[in-house]
Amino acid sequence: MTPSTRGRPLLSDLGPILLFLAVPVACEAQRRPSQFRQPTIPPPTILEYQPQSTLVVPEHEVPRARFPVVDVHGHPPTLDDRETIERVVHEMDRLNIGVMVQARPSSGAELQSQLDAVRAAGYEDRFVFFASLDLSDVGPGSGARIAAQLEADVRAGAVGIGEISKAFGLYHTKRDGSRLPLDDPELDVVWETAGRLGIPVFVHTADPPEFFQPLDYTNERWLELALFERRRYMDRERFPSFEQLMVERDRMIAKHPGTTWILAHMGWHTHDLARLGRIFDEHPNVLAEVGAVLYDLGRQPRFARDFFERYSDRILFGKDSFQPDEYPYYWRVFETADEYFDYYRDYHAFWKLYGMDLPDDVLRAMYWENAARIIPGLPTSALSGV
Ligand SMILES: [Zn+2]
């Protein structure tokens with residue numbers, strides 16, 4: 001201890017002390033493996049260590065969903081030509097996806113060309129379209145302009161808003177240069193318009209909370225964050241905190257009880273389902289979709305099953321990126337009681353998955369019934385035989 005820290009520290013002494021206090025938190029966490037005995041041969045790197053499970057248990061691959069599915073978080077390519085549309089429909093048939101919501105942002109002419117192409121190809125019973133919003137450069141008068149475009153898109157055939165990307169909250173700035181908060185009053189007219197038109201608002205807010213936490217060796221997504229620099233939101237000079245974004249999102253929702261909200265990726269609350277349950281309890285106009293959070297559901301099959309049973313009318317199926325080979329992992333987690341099987345992306349999760357063995361009525365609600373209830377005019381002919 002230096003003499004100055006024994007007595008009352010001078011302000012100029014606090015800098016190094018605070019630095020000293022802040023840094024060891026990360027260092028301490030990074031040293032954590034020392035709780036193990038030191039190996040007598042050099043340990044492998046995180047990339048090299050690939051243990052193969054020796055467990056022999058029943059396995060049930062599920063290439064095709066048990067009931068027809070509405071994928072509310074569809075990101076197929078732009079559906080403006082027959083060849084693309086037929087290729088996507090072929091995959092949907094194989095997987096038992098009856099209807100796909102095109103959640104890739106489009107509005108105006110881009111939306112219209114897809115609506116026309118799908119109709120011309122004779123597949124208007126297989127696709128519906130959500131309209132995107134131009135949330136860049138929001139200033140006085142923007143809300144009315146965005147709402148007017150939304151009304152035009154809905155007249156053209158759009159049946160929802162979305163996907164509103166995580167840029168809303170993380171990147172979009174207002175005309176005055178400040179960050180656009182989710183609950184900015186300028187946008188109230190847009191959410192009210194959605195409520196009046198009876199269309200859902202599909203919104204992706206923030207990203208997994210680990211992306212906002214320090215990148216040390218206790219971070220469950222260390223490898224992913226090390227691989228993808230753009231997923232790091234820990235710099236508070238550049239990005240709001242995860243909690244800040246959640247608070248803004250919840251205020252936005254609370255202001256518009258007459259609007260139906262779909263939280264993409266279960267609101268990034270799958271690591272804490274009770275929190276999502278409180279949001280559902282407080283806001284009967286909120287639903288959530290399961291895209292890209294399977295790694296969390298499949299590691300808590302019993303608690304997640306209870307949650308899905310309790311909130312069976314609030315959960316929608318969605319996949320996010322359109323990679324047909326990945327859908328069967330979802331069917332297997334939802335429909336089987338299989339144990340300790342691989343997930344499709346190793347950098348999302350270091351753990352194995354377990355099946356939730358959901359009852360048929362819960363599966364049907366998630367796969368298509370809830371979507372048919374909240375998306376106006378959702379075609380149901382491809383959902384027959386249920
Ligand atoms: Zn998406």
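Which exposed residues does the face of helix 10 turned away from its buried side carry? They are Ala274, Asp281 and Glu282, and we will come back to helix 10 below.

## Before you start

This is a predicted model: local features need pLDDT of at least 70, side-chain atom pairs count only at pLDDT 80 or more, and totals for chains, interfaces and linings use all residues. Residues are numbered from 1 along each chain as its sequence is written.

The score pLDDT is the predictor's confidence in each residue, from 0 to 100. Its average over the protein is 92, and 90% of the residues score at least 70. Helices (H or I, at least four residues) and strands (E, at least two) are DSSP runs, numbered from the N terminus. Of these elements, strand 8 (residues 315-316) has the highest mean pLDDT, 99, while helix 1 (residues 3-6) has the lowest, 34. Over residues 1-29 the pLDDT stays under 50, and the model has 13 contacts beyond four places in sequence for this stretch; a contact is a pair of residues whose C-beta atoms, placed from the backbone, lie within 7 Å. Where pLDDT is low, the predicted coordinates should not be read in detail.

Look for an open sheet of nine strands, with the order 8-7-6-5-4-3-2-1-9 and parallel pairing. Two strands pair if DSSP finds at least two bridges between them. Strand 8 and strand 9 (320-321) are the edge strands, each pairing on one side only.

Now walk along part of the sheet. Strand 1 (residues 69-75) and strand 9 pair in the parallel sense over two bridges, and His75 stands opposite Ser321. Strand 1 is also joined to strand 2 (residues 97-102), running parallel, by four bridges. Here Val69 stands opposite Ile97, and Gly74 has Gln102 as its bridge partner. Strand 2 pairs in turn with strand 3 (residues 127-131), in the parallel sense over three bridges, with Met100 opposite Phe127. Elsewhere, strand 5 (residues 201-203) and strand 6 (residues 261-263) pair in the parallel sense over three bridges, and Val201 stands opposite Trp261.

Strand 1, helix 3 (residues 82-95) and strand 2 make a right-handed β-α-β unit. Right-handed says that, with the strands pointing away from the viewer, the path from the first strand over the helix to the second runs clockwise.

A residue is buried if 20 or more other C-beta atoms lie within 10 Å of its own, exposed if 12 or fewer, and partly exposed in between, with C-beta atoms placed from the backbone. In strand 1, six of the seven residues are buried. In strand 2, six of the six residues are buried, so the strand is largely enclosed by the rest of the structure.

## The nonpolar core

A nonpolar core is a set of buried Ala, Val, Leu, Ile, Met, Phe, Trp, Tyr and Cys residues joined through C-beta atoms within 7 Å. The largest one here has 99 residues, and those with the most contacts inside it are Val70, Phe129, Phe130, Ile161, Phe202 and Ile262. Helix 14 (residues 360-374) gives the largest share of this core, seven residues. Another core, of five residues, lies apart from it and includes Phe211 and Tyr233.

Phe130 lies in strand 3 and is buried, with 29 other C-beta atoms within 10 Å. Its contacts beyond four places in sequence include Val101, Ile161 and Phe202. Phe130 and Val101 are 29 residues apart along the chain, yet their C-alpha atoms are separated by 7.0 Å.

## Two helices with a buried side

Which residues of helix 10 (residues 273-282) are buried? They are Leu273, Leu276, Ile279 and Phe280. These residues cover an arc of only 110° around the axis, which puts them on the same side of helix 10; the arc is that of the directions from the helix axis to the C-beta atoms. Helix 9 (242-255), strand 7 (286-289) and helix 12 (301-310) are among what covers them.

In helix 12, the buried residues are Pro301, Ala304, Phe307 and Phe308. Their arc is only 125° around the axis, which puts them on the same side of helix 12. Their cover includes helix 10, helix 11 (294-297), strand 8 and helix 14.

How values were computed:
Contact = placed C-beta atoms within 7 Å.
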